[in-house]
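Visitor: I am new to this structure. Please show me how to read it, one feature at a time.

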Amino acid sequence: SPLVVCTTHLLYNPARTDVRLAQVQLFLAEIDRFSFHTEDGSTDPPQYLPVILTGDFNSLPISPVVRLVTEGKVYSNHFGSGLKNIAVTDSCQHLGVYLQRIKGKNLKETSFLFHSEKEIVVKDSDEENELEEISNTYKKLFNKGCLQHNMEFKSVYDFIKSDDQYEASTHQDEWVTVDYIFYNPGNVSKLELCERYRLPTVDECISMGAIPNDLFGSDHFSLAAGFTLLPNLPQSSM
């Protein structure tokens, strides 16, 4: 069974949550394009291959960036950036991919888009009335003040342990978690979490001292997880 594995490293600058939000919006659009699965061109309801998403997001678990991944929705009015300029809709889909899907086409097999969605739209639209229709559709898909996606990501880590102690993956003025492994179990096949490395608590990190040191050669602790990938069997055969 196929699955999608991806990683990223978002901007560090603590003052630029808007940039990180745009980065993860574009990242999710690429994941949507690769993991979208359909047998007959139907997009209702959408089906996705299992996805493992990892990286240094330079964002806390309560940040809009991480909440967009884990909760599937975040309100973005107060960031005030021109997210429309990256040609990714408020539903975290490439505009060109979305418009091709509603025509029954799937662009998963195409090469990387390199921000060419607008060109795809124009080249596929020779009729003036179709261009006008696309223009109206384009406006409706952007700047609604809410970003969302249909992929149901879970976090491998809980961020807070059962005894209410916070986990930490690095030190940024204080011990925090900014590194993540997320996974989407998928509805084409099934991805199950089996095991993971544990992350230290903030108290353990304080006792250990600054990293890197003679025990840990990195300024981030390692995250790792083991999964089982199973075919999604029909209900009658289970």
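Predicted model: local features only at pLDDT ≥ 70, side-chain atom pairs only at ≥ 80, totals over all residues.

Visitor: How do strands of a sheet pair?

Guide: Through backbone hydrogen bonds, and the strands run either parallel or antiparallel. Take strand 1 (residues 4–9) and strand 4 here: they run parallel, joined by six bridges. Within that pair, Val-5 faces Ile-52 of strand 4.

Visitor: Which way do strand 4 and strand 10 run, parallel or antiparallel?

Guide: Antiparallel, and six bridges join strand 4 to strand 10 (residues 179–184). Follow two of the partners. Leu-53 is bridged to Phe-182 in strand 10. Gly-55 has Tyr-180 of strand 10 as its bridge partner.

Visitor: How many residues of strand 4 are buried?

Guide: Five of the six, counting residues 51–56, so strand 4 is largely enclosed by the rest of the structure.

Visitor: Now a helix. What should I know about the way its residues point?

Guide: An α-helix has 3.6 residues a turn, so residues three or four places apart point the same way. Our case is helix 1 (residues 17–35), with 19 residues. From first C-alpha to last it reaches 26 Å, close to the 27 Å expected at 1.5 Å a residue.

Visitor: Is helix 1 largely enclosed or largely open, and what tells us?

Guide: Count the buried residues. They number 15 of the 19, so helix 1 is largely enclosed by the rest of the structure.

Visitor: What about a charged residue? Where is Arg-20?

Guide: Arg-20 is also in helix 1. Arg-20 is buried but has no salt bridge. The nearest side chain of opposite charge is that of Asp-18, 7.1 Å away.

Visitor: Which backbone oxygen does the side chain of Arg-20 reach at 3.3 Å?

Guide: That of Leu-11. The backbone oxygen of Asn-58 also lies 3.5 Å from a polar atom of the Arg-20 side chain. Arg-20 touches, among others, Tyr-12, Pro-14, Phe-57, Ser-59 and Val-65.

Visitor: And how do I read a residue in a loop? Where is Ser-91?

Guide: Ser-91 sits in the loop between strand 5 (73–75) and helix 3 (95–101).

Visitor: Which residues is Ser-91 in contact with, leaving aside neighbours within four places in sequence?

Guide: Gln-148 and His-149. Ser-91 and Phe-142 are 51 residues apart along the chain, and 8.6 Å separates their C-alpha atoms.

Note on methods: Residues numbered from 1 in each chain as written. Heavy atoms only, no water. Buried < 20%, exposed > 50% of the residue type's maximum accessible area, 1.4 Å probe, protein only. Helix = DSSP H or I, 4+ residues; strand = E, 2+ residues; numbered from the N terminus. Pairing = 2+ DSSP bridges. Expected span 1.5 Å × (residues − 1). Contact = heavy atoms within 4.5 Å. Lys, Arg positive; Asp, Glu negative; His and termini not counted. Salt bridge = Lys/Arg side-chain N within 4 Å of Asp/Glu carboxyl O. Polar contact = N/O pair within 3.5 Å; in protein donor to acceptor, adjacent residues only side chain to side chain.
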